[in-house]
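Subject: Structure handover

Hello,

Here is the structure for you to look through. Please open it first, then read my notes below.

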Amino acid sequence: MAIRIPGIMQAKHILRQSKFCASQAASTSVDVPKGYLAVYVGESQKKRFIIPISFLNQPSFQVLLSKSEEEYGFNHPMGGLTIPCREDIFIDLTSSLNSS
């Protein structure tokens, strides 16, 4: 009997759908190292960040994924996963995840 963790399953579903919708941007994924994910962050102008996929398991990052799903569904304007939050907030969050 397998144990399923809802947050991880939701993150996998979001990424799977985002990858499907972003197939036209596959050529830009070549410069993302294995074990990492490119995300676009910002309110008006988006900036690209490369983050470890281990962040997807973190509850605070899953909140951002939920906000992304609410805002964009699975149709992300940048062709990849877009996170609707201020850049400084994203940097603070990811910095705290890197130090833990």
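The protein chain exposes about 6,500 Å², and carbon and sulfur atoms supply 56% of that area. Accessible areas come from the Shrake-Rupley method with a 1.4 Å probe, and for residues only the protein chains shown count as cover. This is a predicted model, where local features need pLDDT of at least 70, side-chain atom pairs count only at pLDDT 80 or more, and totals for chains, interfaces and linings use all residues. Residues are numbered from 1 along each chain as its sequence is written, and side-chain values use heavy atoms, with hydrogens and water left out.

Now the layout. The protein chain has three helices and three strands. Their order from the N terminus is α-β-β-α-β-α. Helices (H or I, at least four residues) and strands (E, at least two) are DSSP runs, numbered from the N terminus.

How much of the protein chain is buried? Of its 100 residues, 36% count as buried. Buried means under 20% relative accessible area, exposed means over 50%, and partly exposed lies in between (1.4 Å probe, protein chains only).

Contacts come next. A contact means heavy atoms within 4.5 Å. Take the contacts in the protein chain between residues at least 6 apart in sequence: 56% of them join residues at least 24 apart.

Then look at the core. A nonpolar core is a set of buried Ala, Val, Leu, Ile, Met, Phe, Trp, Tyr and Cys residues joined through side-chain atoms within 4.5 Å. The largest one holds 16 residues, and Val-39, Val-41, Ile-51, Phe-61, Leu-64, Ile-83 and Phe-90 touch the most other members. At least two residues of this core come from each of β1 (36–41), β2 (47–52), α2 (59–72), β3 (81–83) and α3 (87–99). Zoom in on Val-41. Leaving out residues up to four places away in sequence, Val-41 touches Lys-46, Lys-47, Phe-49, Ile-83, Cys-85, Arg-86, Glu-87 and Phe-90.

Which residues make the contact between α2 and α3? First, the geometry. The two helices α2 and α3 pack at an angle of about 150 degrees, and their axes are 10 Å apart. Axes are lines fitted to C-alpha atoms, for helices over the stretch in contact, and angles run from 0 to 180 degrees between N-to-C directions. On the α2 side, the contact uses Ser-60, Phe-61 and Leu-64; on the α3 side, Phe-90, Leu-93 and Leu-97. By class, that contact of α2 with α3 has five nonpolar, one polar and no charged residues. Here Ala, Val, Leu, Ile, Met, Phe, Trp, Tyr, Cys and Pro count as nonpolar, Asp, Glu, Lys and Arg as charged, and the others, Gly among them, as polar.

- Leu-65 sits in helix α2. Leu-65 counts as buried because its relative accessibility is 1%. Its C-alpha atom is 9.2 Å from that of Pro-84, 19 residues apart along the chain.
- Lys-67 is in helix α2. Lys-67 counts as partly exposed because its relative accessibility is 43%. Lys-67 and Pro-84 are 17 residues apart in sequence and 7.0 Å apart in space, C-alpha to C-alpha.
- Glu-71 is in helix α2. Glu-71 counts as exposed because its relative accessibility is 53%.

Last, a loop residue. Val-32 lies in the loop between α1 (6–21) and β1. Is Val-32 buried or exposed? Val-32 is buried, with a relative accessible area of 16%. Not counting residues up to four places away in sequence, Val-32 touches Leu-37, Ala-38, Arg-48 and Ile-50.

Best wishes
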